[in-house]
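The structure is shown first.

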Amino acid sequence: MIVSISALKDHLDQEVTIRGWTTHHRKSGKIQFLNMRDGSGYTQCVIAIQDVGEAIFEKAKTITQESAVAVTGTVSQNPRNQQFELVVKDLELIHIAEPFPVTNKEHGTEFLMDHRHLWFRSKRQWAILRVRHRIVRAIRDFFDSHAYTLIDTPILTPTAAEGTSNLFKVDYFEDTAYLAQTGQLYLEPALAAFGKVYCFGPTFRAEKSKTRRHLTEFWMVEPEIAFAHLEDIMQLSQSFIHYILECVLADCQMEFEVLERDTEPLKKCLQPFIRMSYTEAVEKLRALGSDITWGTDFGGDDETILTQEYEQPILVHRFPKTFKAFYFEPDPDNHEVVLGMDLLAPEGYGEVIGGGERASSVDFLIEQIAKHELNQEHYEWYLDVRRYGSMPHAGFGMGLERAVAWICKLPHVRETIPYPRMLYRLKP
RNA sequence: UCCGGUGUAGCUCAGUCGGUAGAGCAGGUGGCUGUUAACCACCCUGUCCGCGGUUCGAGUCCGUGCACCGGAGCCA
């Protein structure tokens, strides 16, 4: 019977076959230890000459790291650590691997990135990408089960959505197209048809950013809700993050152990989030020694300083309109600020979510488009949202890779995606 | 784009005052019945990032280009 490694615990003392790849191979004179991986988990196979005979024993000696092998044996427990292992009776060599570049020793970043297609076989990368998948599932489950309709927004777009970040240009027959930097503008028109919507896909920023927080291609999930105000999406972002954390804490214990990720800080994030206005945040930062002045955006250091003060994520709201995109609704109580919000993850991770309430007046938006020196012609279709049944509405975007980096406590987002795309990194 | 750093064997690195290349791992051979980054012995492995310069002589010093790493700005 062929079983997955993760199911070995259900077959104690039974004879089963597992198929997978060799991660380590240790040889003694009359006993060999073969560590195997099949994607579902890891286990050890014990090959003793007294059990298999000389021919099979000799055949097993030829196995190299990352060879594909089918191993048949009896499930037992390691006498030392009680882990489930396979006492081998027979094995089939499916493919003997050439010397594998990514050895079980240390490697540098460039080498590992050049071998990304092989690197993600390693245990740590496996754990990260499994957590990523669990988060993706949680994201879809959360919105699907709360009556949101998935609206797939285009990746090829005719113009800049926000006009701030740099865009990747591509030839589009005789025309020029740009890779989408957000789906939001395409999401808003869908509100009047579906009420609550979200999109989830890759987005692209041609920023020449060289930091631990940036990729040029990254995945973003963006919910948008009709008749919602700033307060509604602040609450939504909290329950959304709570749900993701509950899922990974329940299902990813093995992965967190591999990553040596202490889950206590994550459990503390299941409490209500800290809230403060931008103005309060600036005061707090200045008290903590930052030289930030009102009206300028947080620097990377500011986010780090602020998030290290609290154990829960921080919802910062009501930013000066000077450094926010054109489409935010102004605060009725203070026209210097807009109804935007950012969610800053703890442990120094910083911005994971950004969003806010969108402007609903067509005249105000036209004014803002002019002030931001954007071409109104390109936004006529977007302005139509405000011409035919305009309403208050709000939404946010969450960067998947930043969320994964925080939850796994990784030093860099490049390990959170199977094939990272960064400044100076387009391969493999 | 700016600031700082690195570039030597397949990988990770050492290389003194400028004197002609080195260790561990990987690979190969042999040994070992409870190992788990196994261990022991032996063997194999080089465009010292490229180009130019100084020098009797450059991995080493100088100039320059390239690649990568870290940070900044911008953002999710």
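RNA strand B is surrounded by 48 residues, the closest being Arg80, His107, Arg205, Arg212 and Arg402; a residue is near the strand if one of its heavy atoms lies within 4 Å of it. Of the atoms of RNA strand B that come within 4 Å of the protein, 53% belong to sugar and phosphate. The model is predicted, so local features need pLDDT of at least 70 and side-chain atom pairs pLDDT 80 or more, while totals for chains, interfaces and linings use all residues. Residues are numbered from 1 along each chain as its sequence is written, chains are lettered from A and ligands numbered from 1 in the order in which they are written, and side-chain values use heavy atoms, without hydrogens and water.

Elements that give two or more residues to the surface near RNA strand B include β1 (15-27), α2 (109-114), α10 (300-307) and β16 (350-358). The largest share, 4 residues, comes from β16. Helices (H or I, at least four residues) and strands (E, at least two) are DSSP runs, numbered from the N terminus. By class, this surface has 11 nonpolar, 18 polar and 19 charged residues. Ala, Val, Leu, Ile, Met, Phe, Trp, Tyr, Cys and Pro count as nonpolar, Asp, Glu, Lys and Arg as charged, and the others, Gly among them, as polar.

The helix packing comes next. Helix α4 (residues 123-144) packs with helix α6 (residues 230-251) at an angle of about 135°, and their axes are 9 Å apart. Axes are lines fitted to C-alpha atoms, for helices over the stretch in contact, and angles run from 0 to 180 degrees between N-to-C directions. The two helices α4 and α6 are therefore oblique to each other; angles under 35 degrees count as roughly parallel, over 145 as roughly antiparallel, 65 to 115 as roughly perpendicular and the rest as oblique. Residues of α4 that meet α6 include Val131, Ile135 and Phe142, and those of α6 include Leu236, Phe240 and Tyr243; contact means heavy atoms within 4.5 Å. The contact of α4 with α6 has 12 nonpolar, 1 polar and 3 charged residues.

Helix α4 also crosses helix α13 (residues 400-408), at roughly 120° and with the axes within 10 Å. This pair, α4 and α13, is therefore oblique. Among the residues that meet are Ile128 and Val136 of α4 and Leu400 and Val404 of α13. By class, 9 residues of the contact of α4 with α13 are nonpolar, none polar and 2 charged.

The axes of helix α9 (residues 278-287) and α10 come within 10 Å and cross at roughly 85°, which makes α9 roughly perpendicular to α10. Ala281, Lys284 and Leu285 of α9 make the contact with Asp302, Ile305 and Leu306 of α10.
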